[in-house]
Amino acid sequence: MSLLITGATGFIGRHLCAQLTREGRTVTAMLRQPGRQLPELRRVVDELGGDGCRIEAISGDLDAPELGLSAALPEMDTIIHLGARFGWRLAPEVARQTNVAGSLAVARLAQSLGCRLVFISGFMLENTQHLEQLGIMGVDPDAVNWQRVYRRAGAYEASKLEAAIRTRAYAKRAGLEFVEVQPATVAGSSKTGALDRAQPLYTLLDNLARGRMAMVPGTPEHWLPLVAVDSLARLIGLAATVERAPAKLLALDPETPNLKNLLAIAASVLGTKAPRHHIPMWCLAALLVIPGLSRLMNTPPETLSFIQSTRFNTADVERFMVEQEVPRTNIAEVVRKTAAFYSGQQSET
Ligand SMILES: NC(=O)c1ccc[n+]([C@@H]2O[C@H](COP(=O)([O-])OP(=O)(O)OC[C@H]3O[C@@H](n4cnc5c(N)ncnc54)[C@H](OP(=O)(O)O)[C@@H]3O)[C@@H](O)[C@H]2O)c1
């Protein structure tokens, strides 16, 4: 089976490469600088228990016209599109270029190769109330006032929503085999707790450890849905390789504790005090627009919407996991391990 991956060097991509090569599969990674990036990717994949020798690379860039591919691609069975500009305070045109135009270019490539596209979006696409508040209703991307969505949601989140809705529409028109995986916020590995510093959960742990979280955002109903990175990699791998994959897979652990309990679990590992009282979301949002406060609290306003009280229907994905014999992870334990990993990194530096 031939697989092409964008975003292979990213946090999720590295675990996915480890998962697929451990299963004996060969993958082609689309990299911006293969000469520099491939040896490092192979090394990290070996470290994660995969087989780095099974990774090949081609040169390509989501920002280049038609991906700037260095060579014509051989036949592919599946393209897994993970590559994205992931960050806060991005300029809308920059986020849009990589995340929306880049995704559409990947979808056109899948169409030209006649292969399956596994598209990585995000769990907020299942929060219909959130989408409606942003003015996203229905499936027609041209019926949405995207400027307003970018203003309200921030460029990263808006570009992910736009990318998913435009790519879905393209896939439908083009008759593409399209599987969408919708990850929650990614937690560390269920085995080691390892998490990249750039990941949002790492920032949350850092804020907690440094005493920047005096109160719990929201109410006791508020939570930050999580998924362990290796469970997510397993799910994406299956979405790419099983003969018939469901059209949508919501990668979210419904057992994720509410935010207050999550912070308490992490605080007990970090040896810090857990916040006990809540601050309403509207109040926190108002504080974060005060000049300088968002940077001082290390909390960009656009991250707040990920903490919410909506509950999600995970029945389909759970059925798929049972069918595929994917074991459940204990997400509270993953939070503990991730916090321990964070602590270990701090004492090293
Ligand atoms: N992490 C989460 O909590 C989370 C939750 C929901 C959805 N997601 C989605 O999951 C995907 C992967 O996330 P991640 O956490 O693994 O992100 P990440 O660690 O930031 O990795 C991003 C990847 O995208 C690649 N990339 C960025 N710009 C590119 C460009 N112009 N051309 C080619 N490749 C480019 C990066 O390559 P370089 O190494 O060359 O920079 C890197 O491999 C993203 O689509 C993200 O939106 C993530």
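These legends cover close-up views of a predicted model.

**View 1. The shell around the ligand.** The shell holds 24 residues, each with a heavy atom within 4 Å of the ligand. Thr-9, Arg-32, Tyr-156, Lys-160 and Gln-199 come nearest. By class, 11 shell residues are nonpolar, nine polar and four charged. Here Ala, Val, Leu, Ile, Met, Phe, Trp, Tyr, Cys and Pro count as nonpolar; Asp, Glu, Lys and Arg count as charged; the others, Gly among them, count as polar.

View 2. Lys-160 places a polar side-chain atom 2.8 Å from a ligand oxygen. Ile-12 uses a backbone N or O atom, 2.9 Å from an oxygen atom of the ligand. A side-chain N or O atom of Asp-63 lies 3.3 Å from a ligand nitrogen. Alone, the ligand exposes 890 Å², and the protein buries 87% of that (Shrake-Rupley method, 1.4 Å probe). Elements giving two or more residues to the shell are α1 (11-22), α6 (155-174) and β7 (185-187). Helices are DSSP runs of H or I, at least four residues, and strands are runs of E, at least two, numbered from the N terminus.

**View 3. The crossing of α7 and α13.** The axes of α7 (residues 200-209) and α13 (residues 331-348) come within 10 Å and cross at roughly 65 degrees. Axes are lines fitted to C-alpha atoms over the stretch in contact, with angles from 0 to 180 degrees between N-to-C directions. The two helices are therefore roughly perpendicular (65 to 115 degrees). The crossing is right-handed: the near helix is turned clockwise from the far one by less than a right angle.

**Notes.** Residues are numbered from 1 along each chain as its sequence is written, and side-chain values use heavy atoms, without hydrogens or water. Local features need pLDDT of at least 70, and side-chain atom pairs count only at pLDDT 80 or more, while totals for chains, interfaces and linings use all residues.

Conventions
A polar contact is a pair of N or O atoms within 3.5 Å; within protein, one must be able to donate a hydrogen and the other to accept it, and residues adjacent in sequence count only if both atoms are side-chain atoms. Angles under 35 degrees count as roughly parallel, over 145 as roughly antiparallel, 65 to 115 as roughly perpendicular and the rest as oblique.
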